[in-house]
Amino acid sequence: MALQMQGRADGLSLDDIGESYEVSRRTAERMRDALRDAFPQIEEISEPGGRKRWRLPPGTTGRLADPTIDDIATLHRGAELARQSGDTATADNLDTLSDRLRARLPGPKRTRLEPDIAALLEADGVALRPGPRERIPEETLNHLRQAILAGVWITVDHRARATGLLSRNARLGPLAMLLGEGRQYLVAYSDWAKDIHLFALAGFERIELSNESFERPADFDLQAWIQRSFGVWQAEPYDVIWRFSPEAAPDARTYLFHATQEMKDEPDGSLTVRFRAGGLKEMCWHLFRWGDQVEVLEPQALRKLVVEQVELLNQHYV
């Protein structure tokens with residue numbers, strides 16, 4: 001709590017303490033009083049309306065602010081996960097931040113901790129996962145990240161994945177990048193379509209930042225927009241019901257298939273999963289991972305799609 005009071009310019013209120021540590025107001029008051037006893041230099045700030053906040057001047061916490069082995073290991077883990085998703089720029093920045101934290105350690109302490117840090121990083125358990133993934137040029141990621149942070153329009157040449165057609169001088173308002181396993185996309189407002197669309201990151205052949213500010217749509221909520229879909233493609237949402245066999249249920253229970261999912265254990269040991277989302281084709285691709293250990297109960301359109309895809313594969317291989 002002392003580090004939070006020092007690290008935030010406006011300090012903490014009793015409400016902040018209660019929410020952060022999930023305690024009652026009376027307990028929050030006792031925690032504040034204990035901190036005030038430990039750090040007499042604590043500053044009290046009065047806000048309009050009579051609410052008060054408390055903060056610590058820079059440097060008050062002293063060695064409490066020194067990084068720990070866990071801090072450095074967390075940065076290392078984050079860097080490796082960023083590399084797995086293709087975000088090498090973020091990975092490099094996290095590595096730099098880790099080096100800066102290690103440089104803050106006093107000489108004797110750094111000497112004692114270096115062997116532990118090396119051993120912990122080696123045993124951290126985060127490694128590049130084998131399997132197919134897109135390799136996005138770092139320049140593309142850097143340009144898009146800069147445009148998103150600056151809030152400006154960009155002009156791009158982009159080749160559509162499905163058709164291979166090249167759109168020149170398309171004007172986009174970038175909102176976010178969807179990174180991770182498999183294909184990766186930019187969420188952007190298309191000035192031509194007057195709507196928000198996905199653009200494959202691998203399809204960008206030119207990106208030029210403008211000096212014109214892009215105003216994010218006031219009613220756009222990225223998380224809500226993403227939750228409309230099972231994967232990335234926006235489509236009509238369906239009420240989805242899957243039934244996993246008793247053999248597959250323990251494994252399926254560990255998955256987050258969708259943010260709105262509800263799971264129910266059935267008397268025979270099977271598992272029923274319900275959620276609402278669009279993107280039937282991506283659901284179908286995912287279901288193939290489970291083979292005959294999952295059954296689609298709803299929607300019927302997804303059942304039909306699974307059968308059609310199985311028949312196409314059968315025709316191809318037989």
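The following questions and answers concern a predicted model.

Reader: In the open sheet of three strands, which strands are the edge strands?
Author: The open sheet has the order 1-3-2, and its pairing is antiparallel. An edge strand pairs on one side only, and this holds for two members of the sheet, namely strand 1 (12-13) and strand 2 (43-46).

Reader: Which residue in strand 3 does I45 stand opposite?
Author: Strand 2 is joined to strand 3, residues 52-55, by four bridges, and the two strands run antiparallel. Within strand 3, the residue that stands opposite I45 is R53.

Reader: Is R32 buried or exposed?
Author: R32 has its place in helix 3, and, when neighbours within four places in sequence are left aside, R32 is in contact with M1, L14, I17 and W54. Its relative accessible area is 11%, and since the cut-off for a buried residue is under 20%, R32 counts as buried.

Reader: How far apart in space are R36 and W54, C-alpha to C-alpha?
Author: R36 is placed in helix 3, which covers residues 25-38, and at 30% relative accessibility R36 counts as partly exposed. Not counting residues up to four places away in sequence, R36 touches I42, E44 and W54. Although R36 and W54 are 18 residues apart in sequence, their C-alpha to C-alpha separation in space is 9.2 Å.

Reader: Which residue is the bridge partner of I241 in strand 12?
Author: Strand 9, residues 238-244, pairs in the antiparallel sense with strand 11, residues 271-277, over seven bridges, and in that strand 11 V273 stands opposite W242. Strand 9 is also joined to strand 12, residues 294-298, by four bridges, again with the strands running antiparallel. In strand 12, the bridge partner of I241 is E298.

Reader: Why does Y317 count as exposed?
Author: Y317 lies in helix 11 and is one of the residues that make the nonpolar surface patch. The cut-off for an exposed residue is over 50% relative accessible area, and Y317 is exposed because its relative accessible area is 65%.

Definitions and conventions: Residues numbered from 1 in each chain as written. Predicted model: local features only at pLDDT ≥ 70, side-chain atom pairs only at ≥ 80, totals over all residues. Heavy atoms only, no water. Patch = residues over 30% accessible without salt bridge, like charges linked within 9 Å, V, L, I, M, F, W, Y side chains within 5 Å. Areas by Shrake-Rupley, 256 points an atom, 1.4 Å probe, with all protein chains shown as cover. Salt bridge = Lys/Arg side-chain N within 4 Å of Asp/Glu carboxyl O. Buried < 20%, exposed > 50% of the residue type's maximum accessible area, 1.4 Å probe, protein only. Pairing = 2+ DSSP bridges. Contact = heavy atoms within 4.5 Å.
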